[in-house]
Amino acid sequence: MNDAFTLAWRYTTGLVHPEDLPMAAADLLAAGVGAQSAALCDLAGRRGRGERSAELGGLLRQAMAELGLPVPDDDFVGRCLLHRTAARLMSEEITSGDAVSELWRASGGAANAAEQRFVALADQVCCPDCLGDRASGARQDWERELRAAAVEVASAADHGFTVSWYRD
């Protein structure tokens, strides 16, 4: 069921677009998740493109209810996005500028000191383009601190939620 919840939080953040929900639902069913949900089966049978976004999103919410899974709230979604960003920065999948852009979507998600430090460091830059305005040494120091904070967030043992929910 973690896969269904992951789809829901990724949809809530905009990482999954409404037109992609039918294929994502079909993938869940193919993986053996959610066959007992009529709404998920209905969603998997939709075209995606040309369908009303609100209807597709409504089917996802209905499927979550049928599966007994909560629809993630904004704080939870923010934390998922924050941890996903930290993990991606730590693995060098994204740059510090990309992390700043992604963390703008995670507002309100920081729940502990490590998460708050990571967000506070990202907030020291008004936009990724402004990174170039910093002196080379100051930028390197900031990036080193941001990466250290990302490692702390991504490797923390107790996130208050299942790690697989925010992983890709």
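Predicted model: local features only at pLDDT ≥ 70, side-chain atom pairs only at ≥ 80, totals over all residues.

Q: Which exposed residues does the face of helix α2 turned away from its buried side carry?
A: That face carries M23 and A30. The word "exposed" is applied because it stands for a relative accessible area over 50%.

Q: What makes the buried residues of α2 line one face of the helix?
A: In α2, which spans residues 21–30, the buried residues are L21, P22, A24, A25 and L28. Seen down the helix axis, they fall within an arc of 165°, and therefore they line one face. In general, an α-helix has 3.6 residues a turn, so residues three or four places apart point the same way.

Q: What covers the buried residues of α2?
A: The cover includes α1, α3 (38–44) and α4.

Q: Why is C80 called buried?
A: Buried means under 20% relative accessible area. C80 has 0% relative accessibility, so C80 counts as buried.

Q: Why does C41 count as partly exposed?
A: The class lies between the limits of 20% and 50%. The relative accessibility of C41 is 36%, and C41 is therefore partly exposed.

Q: How many disulfides does the structure hold?
A: The structure holds 0 disulfides. A disulfide would require a pair of cysteine sulfur atoms within 2.5 Å.

Q: At what angle do α1 and α4 pack, and which residues meet?
A: Helix α1 (residues 2–13) and helix α4 (residues 53–66) pack at about 145°, their axes 11 Å apart. On the α1 side, A4, F5, L7, A8 and Y11 meet S53, G57, L60, R61 and M64 of α4. By class, this contact comprises 7 nonpolar, 2 polar and 1 charged residues.

Methods:
Residues numbered from 1 in each chain as written. Heavy atoms only, no water. Axes fitted to C-alpha atoms, helices over the stretch in contact; angles between N-to-C directions. Helix = DSSP H or I, 4+ residues; strand = E, 2+ residues; numbered from the N terminus. Contact = heavy atoms within 4.5 Å. Nonpolar A, V, L, I, M, F, W, Y, C, P; charged D, E, K, R; others polar. Buried < 20%, exposed > 50% of the residue type's maximum accessible area, 1.4 Å probe, protein only. Arc of directions from axis to C-beta.
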